[in-house]
Every structure is written in structure tokens, then in C-alpha cells.
Amino acid sequence: IFTRAIKTVRIMWGALTFSCLLLGLVTVMVPSPVSHSPEGSFVAMFAGLALALAIVSFVLPARMYATNVAQVRAEKVEPEPTAAGPGPARFAHPEQEAGRAMGIAFTTFILSMALSEAVALLGLVLHMQGAPMTISSAFIAAGALLQVARFPSIPRLIGPYERAQGASFAASEGGSY
């Protein structure tokens, strides 16, 4: 069910991660137009902002995902009891639910990637304000690491949807991810 969708999400992940790495290349290739380093308080403010963005990049998408999933009431089919016990419930309309699950996951994924890239953009701004390469590259590296940590997989994208709905796509007709 999710073969095409995961390819699209991974292409988007690759493009956004690559754009973050390009920011690092820009800081190496383009000299700062400012000849003096910014004040320590300016850098500290940016560090605080970057930390806040990093935290929000995890918290906000997760809250948004949970809120959107809570508004959906998926129709489920309870499994037949077997000797091994009841299996997991399955979605009555797996294609429809897969579309919903991926729509919610894709939206929150993009948000988390954008907030992660904002950390790297702060590094570029610091570079253009005259910050040493060690400082600006730390911000860019942090943004890139946040993006790399979000490599999309099917369980990561739709697992929360399945848990919230109490049903599994793997148990639905047609069977697997």
C-alpha cells in the first residue's frame, strides 16, 4: 500500500537534507561581508533560538500528528478468534485509511524537516554576520543531524496512526506495508 508514498517521502527527505548540506557549502564558498565577529550575546541568543527550534521540531509535529489522528474514526474489522488468540484488528478500508495516514504523516514530516533546516539557516545568518566558521558550521551540522535523524520509514510514518486507531495495515487484506 505504501510503496509509492514512501519513495516520495524519501525523495523529499533527501532533497531537504541536501539543501541543508548546501548551506554548509555556501558558508565555505562565500566570504562573510562583515569583517568583525558578532557579539557573544548575539551568538548566545542564536544558540538559544536554535535549541528551541530543535525541541519544537520534535514536539510540535508530534502534537499535530496526535491531534489530527484523534479527529479520525477509522472503521475497523475485528479479527476472528483463533486457537492462538485474537489477532490485531484491521482497517475495513485500508486504501482510504492509508491515504489519511500518509497525509497526516507527510504534513508533520515536512514541518519537522523545515524546523530542523531553520537551525542550519541560523548558522548561515551567523556566518554572514561575521561569526567564525567553527560557530556557523556547528549550527549547520546540528540542522543536518536533525534532518538525518528523521529518515522516513513506513513504521515511523504510520505506526502512530495504527496505534491511535487500534488497527493494523499489515493485518488488512492485501497484508503488508
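Is Leu23 buried or exposed at 11% relative accessibility? Leu23 counts as buried, where buried means under 20% relative accessible area, exposed means over 50%, and partly exposed lies in between (1.4 Å probe, protein chains only). The legends below start from this residue.

This is a predicted model, in which local features need pLDDT of at least 70, side-chain atom pairs count only at pLDDT 80 or more, and totals for chains, interfaces and linings use all residues. Residues are numbered from 1 along each chain as its sequence is written, and side-chain values use heavy atoms, with hydrogens and water left out.

View 1. Leu23 is placed in helix α1; helices (H or I, at least four residues) and strands (E, at least two) are DSSP runs, numbered from the N terminus. Not counting residues up to four places away in sequence, Leu23 touches Glu117, Ala120, Leu121, Leu124 and Ile140. Contact means heavy atoms within 4.5 Å. Phe109 is 86 residues from Leu23 along the chain, and the C-alpha atoms of the two are separated by 21 Å.

**View 2. Gln147 in helix α4.** Helix α4 covers residues 133-148 and contains Gln147. Gln147 has a relative accessible area of 0% and is therefore buried. With residues up to four places away in sequence not counted, Gln147 touches Trp13, Leu16, Thr17, Cys20, Met113, Ser116 and Glu117. Glu117 is 30 residues from Gln147 along the chain, with a C-alpha separation of 7.4 Å.

**View 3. Pro38 in the loop between α1 and α2.** The loop that holds Pro38 lies between α1 (3-29) and α2 (40-70). Pro38 counts as buried because its relative accessible area is 19%. Apart from neighbours within four places in sequence, Pro38 is in contact with Val43, Gln129, Gly130 and Ala131. From Pro38 to His127 the distance is 9.4 Å, C-alpha to C-alpha, and the two are 89 residues apart in sequence.

**View 4. The salt bridge between Glu97 and Arg100.** The structure holds one salt bridge, a term for a side-chain nitrogen of Lys or Arg within 4 Å of a carboxyl oxygen of Asp or Glu. Its partners are Glu97 and Arg100, whose closest N and O atoms are 3.0 Å apart. Both residues belong to helix α3 (residues 94-128), where they are three residues apart, about one turn of the helix. Glu97 has 2% relative accessibility, so it counts as buried. Arg100 counts as partly exposed because its relative accessibility is 34%.

**View 5. The nonpolar cores.** A nonpolar core is a set of buried Ala, Val, Leu, Ile, Met, Phe, Trp, Tyr and Cys residues joined through side-chain atoms within 4.5 Å. The largest one has 24 residues, and those with the most contacts inside it are Phe2, Leu157, Ile158, Tyr161 and Phe169. Two or more residues of this core come from each of α1, α2, α3 and α5 (154-165). The largest share, seven residues, is that of α3. A second, separate core has twelve residues, including Phe46, Ala50, Leu53 and Val119. In soluble globular proteins, nonpolar side chains tend to be buried together.

**View 6. Leu157 in helix α5.** Helix α5 is the place of Leu157. At 7% relative accessibility, Leu157 counts as buried. Neighbours within four places in sequence aside, Leu157 is in contact with Ile6, Val9, Tyr65, Met102, Ala105 and Pro152. Val125 is 32 residues from Leu157 along the chain, and their C-alpha atoms are separated by 32 Å.

**View 7. Ser168 in the segment after α5.** Ser168 lies in the segment that follows α5. With a relative accessible area of 14%, Ser168 is buried. Residues up to four places away in sequence not being counted, Ser168 touches Pro88, Ala89, Arg90, Phe91 and Glu162.

**View 8. The lining of the largest pocket.** On a 1 Å grid over the protein atoms alone, a pocket is an open set of points where a 1.4 Å probe fits, with protein on both sides within 12 Å along at least five of seven lines; lining residues have an atom within 4 Å of a point. Sixteen residues line the largest pocket, and Pro61, Thr108, Ser112, Arg150 and Arg156 lie nearest its centre. The elements giving two or more residues to this lining are α2, α3 and α5. Helix α2 gives the largest share, five residues.
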